Amino acid sequence: MNLHEYQAKELLATYGIRIQRGKVAETAEAAVEAAKQLTEDTGTQWHVVKAQVHAGGRGKAGGVKLAKNLDEVKEHAGNIVGMTLVSPQTGPEGKLVRKVLIAEDVYYPGESKHEEYYMSVLLDRGTGQNVIVYSTEGGVNIEEVAEETPHLVHKELVDPAVGLLPFQMRRIAYNLGLSCTAFKEMTKFVNKLYKAFVGLDASMLEINPVLKASDDKIIVVDTKLSIDGNALFRHKDIAEMRDTLEEDPTEVKAESFGLNFVKLDGNVGCMVNGAGLAMATMDIIKLAGGSPANFLDVGGTADAERVENAFRIILDDPNVKAILINIFGGIVRCDRVAQGVVDAYKNIGDIKVPIIVRLQGTNADIAKKLIDDSGLEVHSVILLKEAAEKVKELIG
């Protein structure tokens, strides 16, 4: 589950991490009031107006502006709220900005002795350990840094059973070129950051930039935080922070039906039971010259109602030119799936895209009879190879 910047900062602050403080607003008028309150609380005279969307690259897309007075706060907030922000991470369709964060200016006016760093904590699946990735090149696109100057990107592997050790914290501060007070502050910062990553059950925690201010304080200026969805039962308060308006509406709808669904940009809808078979089905579609429009696992307890709901989810995508249903009846019964197909076809009405059905396993014979007797225009196949050939034939 992804969080907004302001939500992530609030959570990091509970671990004693120094953050760039701010207040959220949904209108230009509210942004001015937030700026006034922030000045009263922090003494800041300048404010940073930041679009709050689940995507990076906001600054280059016009979603981050510096305001030197309240009139500029109102102007920038009015321009940003309601805009469609388009960045490399949003895709060409962009994201609608519904709120802004009015943040304090931590780059003290007149001071130039500050440095920006990059730091993230995530799971290295190759080693089965957590890894802290960091660089002296903060505030810029870290992917470009990694590609053009890989020697400037460092990694510190952390055994989750042991935790982050003091010598590792010191090594990170040393590799960032710090000394004296800044060195000590950075070791404390890294320690707290790792504790936050573990304590929040995060899957990814990225700070870009980490600011070393002119007084050697280490401050989180911008952050991305993703929480492992499987651990949300331990974090009811974080689960309540979920902003479904930032997520794909089809995926949110599918989740409400108990479906494992990920929207893709292809032209062949998939309905499968089991993640492994779903991946194999997507490969088959690709080999046939098509492109999967989704990953959809109806699960091992699928009944007719769930299958019908899955059908509706797939048909919500205007790019779908054909639907391939591939069910192996181990736990799930094929006849239940077949009944769902029949019910969906009748309840939805005229389905204009061709449907290819492969049902094998428990009650497959009953399932075939249900579909054959229904009078529906459904293409029945037995082998995966046949399914691939039929997909190729129908999508041209």
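Let's start with the sheet: in this predicted model, four strands make an open sheet, and reading across it the order is β1-β6-β2-β3, with antiparallel pairing. Which strands stand at the edges? They are β1, residues 22–25, and β3, residues 64–67; each has a single partner strand, so one side of each has no neighbour in the sheet. From one strand to the next, the twist averages 25°.

Let me zoom in on one pair. Strand β2, residues 47–51, and strand β6, residues 100–104, run antiparallel and are joined over five bridges. If you'd like a spot to look for on your screen, find A51, which sits opposite V100 in β6. There is also a helix packed on this sheet: α3, residues 70–80, touches β2, β3 and β6. The direction of α3 makes about 165° with that of β3.

Now, on to a pair of helices. Two packed helices are described by the angle between their axes and the distance between those axes. Here the pair is α11, residues 334–348, and α12, residues 364–374; their axes come within 7 Å and cross at roughly 15°. An angle under 35 degrees counts as roughly parallel, so that is how α11 runs relative to α12. The crossing of α11 and α12 is right-handed.

Who makes the contact? From α11 we have C334, D335, A338, Q339 and V342, and from α12 we have A364, I366, A367, L370, I371 and S374. Sorted by class, that contact of α11 with α12 has eight nonpolar residues, two polar and one charged.

N363 lies in the loop between β17, residues 355–361, and α12. Its phi is near 60°, a positive value in a residue other than glycine. Most residues other than glycine have a negative phi, and most peptide bonds are trans. N363 counts as partly exposed, at 25% relative accessibility.

C180 has a positive phi too, about 55°, and it is not a glycine either. You'll find C180 in helix α6, residues 180–199. Is C180 buried or exposed? It is exposed, with a relative accessible area of 64%.

And the peptide bonds? A cis one joins N208 and P209, with omega about 10°. P209 is found in strand β10, residues 202–212.

One last stop, friends: T250, in helix α8, residues 249–256. T250 is buried, because its relative accessible area of 16% falls under 20%. Leaving aside neighbours within four places in sequence, T250 is in contact with F261 and I313.

Technical notes: Residues are numbered from 1 along each chain as its sequence is written. This is a predicted model: local features need pLDDT of at least 70, side-chain atom pairs count only at pLDDT 80 or more; totals for chains, interfaces and linings use all residues. Side-chain values use heavy atoms; hydrogens and water are left out. Axes are lines fitted to C-alpha atoms, for helices over the stretch in contact, and angles run from 0 to 180 degrees between N-to-C directions. Helices (H or I, at least four residues) and strands (E, at least two) are DSSP runs, numbered from the N terminus. Angles under 35 degrees count as roughly parallel, over 145 as roughly antiparallel, 65 to 115 as roughly perpendicular and the rest as oblique. A crossing is left-handed if the near helix is turned anticlockwise from the far one by less than a right angle, and right-handed if clockwise. Contact means heavy atoms within 4.5 Å. Ala, Val, Leu, Ile, Met, Phe, Trp, Tyr, Cys and Pro count as nonpolar, Asp, Glu, Lys and Arg as charged, and the others, Gly among them, as polar. Two strands pair if DSSP finds at least two bridges between them. Buried means under 20% relative accessible area, exposed over 50%, partly exposed in between (1.4 Å probe, protein chains only).
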